[in-house]
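Hello,

Here is the structure I promised to pass on. Please have a look at it first, and then read my notes below.

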Amino acid sequence: MAIMTAPAVTTKPTPAPTVSKRGRKLRDNLTGHAFLIGAVVCFALFMWYPMIRGVVMSFQRTRRGETTWVGWDNYTRIIADPSFWVAWKNTFIFTIMALVVGYVLPFFVAILLNEFRHAKGYLRILVYLPVMLPPASALFLFKYYAYDPSDAGLFNAILKFLHLPTSEWMQSPTMTIPAMVIASTWMNMGSAVLIYLASLQNIPGELYEAAELDGAGIWRRIWSVTIPQTRLILALLAMLQIVATMQLFIEPLILANGAGTQDSATSVAYLIYQHGFFQNDLNGAAALGVIMLIVLAAFSAVYVRLTTKQD
Amino acid sequence: MSRTLISQAQLRRGRGKYLYWTLLAVVVAGFTLVFLGPLYWMVTGALKSGQEIAQTPPTLWPQDPQTQNYVDAWNNLDLAKLMFNTFYYAAGAVFFQLVFDTAAAYALSKLRPAFGNVILGLMLATLMIPAMVLIVPQYVTAIDLPIIHVNLLDSPWAIWLPLIANAFNIFLLKRFFDSIPEDLIAAAQVDGASPLRTLWSIILPMSRPILGVVSIFAVTAVWKDFLWPKLVMPSPETRTLSVGIYAFSGGTPQNVVIAASVIAAVPTVIIFLLFQRNIMSGLTTGSLKG
């Protein structure tokens, strides 16, 4: 109350009494909320409410229209399923491989592109082009042409031309995940490259100048100037990439027809889809979703802890 | 152009110059092969006959190019219908995102109603939640909306409404509006302009670049999306391109599926080539500075 009346004393002769002032404030608030309402309703319906509902559903079971509380049943059933562990194993392997390739490669590509004074626009368009393709289109290209296990396939033809051993690609359980990593990196690395490029352009040239005067070679300059200067973006993109790759779904669905040879492609996201929409087990799928959220949240917490400690 | 990792002078002299041009040539050739090569393979592969595509070693250029696969794809998969659906969903997504997300960003940036920051925080928090985690409860919500009990399956609203809940857009727009000077808004208010009038006549004309970025992202998001449209558009009449091609892929010859994939990719590639500057700047402004 004291705060409300204080300005009224200091402001010069505003004849408006406090009641109408409060009325105006209320009206301003209402106008503000009127502009917000459309977005807020959509967030409530499709983000906030489903978040809570997902957790609630994971403790319920709906059978023939009747919903009952079942405690941890969905979780124990999901975890007892052998494909649960296979899916997590595949997802982790994919995430790590996709990180090693899809995270390091764009950084060096960006450093390389940043040095060129010619053909910059062309190279940038090329790298980003696959990002604009519908993933389904790009994956059919990989499935039918690149990963054709016969010698007529694009990759096998190249390998054969180079006198290297050919591969069965998606039909070989050991090649399934690397093949998905290649396709996924090709489709997605463009955005990382462009974001790195933009952050490289913000590095002051004097820093390189000074490092060079101190006798630092190219690798030393990358290590002591480029990486520290882009550290924030590097950390942010690593996080985003891990969250994105952990949700691996369309690659197994299209490239491996879902589970792949000997379950070599089953991912956690694919398992959610299977349970929810084919095995008539929406509650089990919700439980899997909650587990995935907890794993990612725990991972993010550890990650934030590690990256902020270095400061 | 400021100095980068390697000094310009070093690149202009003798060995440096030689290395620079060799490396540039290698990279240009390599990138063309890696990023354009597969697209070339895709477009020409769909021009080959079934026997030619199974031939070893594969042919670089179709010996007897035939457009039959493209014609088959267009007719058998009813691509005209699928493409119309996808366009329709994309157009609606642009419209509703522009209306509701700009309104929300304007309110959060300039009108600042009570609890505005709490609402913004709750919106931004959704950026942390992986899409796959929400897919099941979102689906359950879409088939039976709370309170009004409406089923959104096969209705375009099932695509439009969730897309309005886009925290990234609201954040992008809000930051842009934040940079518009307060004085301009105050001046308009003194002239008696209502908040809506201020938004329409002052804010929006100044925000064309960012509105363009949001629109392009809306179109590409609808065009690229797969799982959500697959779930909420179950009948063949309402499918999107990607989902339709996937649904037909089982019983269709490979070359026809590839031809359909090429056709499905053409609109986004055209959009990219036309608006590449806006797309690239939007991508980097959205992620940097934040």
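To start with the fold of chain A, 64% of its contacts with a separation of 6 or more join residues 24 or more positions apart; two residues are in contact if their C-beta atoms, placed from the backbone, lie within 7 Å. Please keep in mind that this is a predicted model, in which local features need pLDDT of at least 70 and side-chain atom pairs count only at pLDDT 80 or more, while totals for chains, interfaces and linings use all residues. Residues are numbered from 1 along each chain as its sequence is written, and chains are lettered from A and ligands numbered from 1 in the order in which they are written.

Chain A has 14 helices and two strands (DSSP runs numbered from the N terminus: H or I of at least four residues for helices, E of at least two for strands). Its C-alpha atoms fill a box of roughly 90 × 75 × 35 Å along the principal axes.

Now the interface: chain B brings 84 residues to the contact and chain A brings 83 residues. On the side of chain B that touches chain A, helix α15 (residues 254-287) of chain B gives the most, with 14 residues.

In chain B, the unreviewed UniProt entry annotates several stretches as "transmembrane region", among them residues 20-41 and 115-137; such annotations may be inferred rather than shown by experiment, and the positions follow the numbering used here, with feature names shortened. Residues 20-41 of chain B are 100% helix and 0% strand, with end C-alpha atoms 30 Å apart. For residues 115-137 of chain B, the figures are 74% helix, 0% strand and 27 Å.

Best wishes
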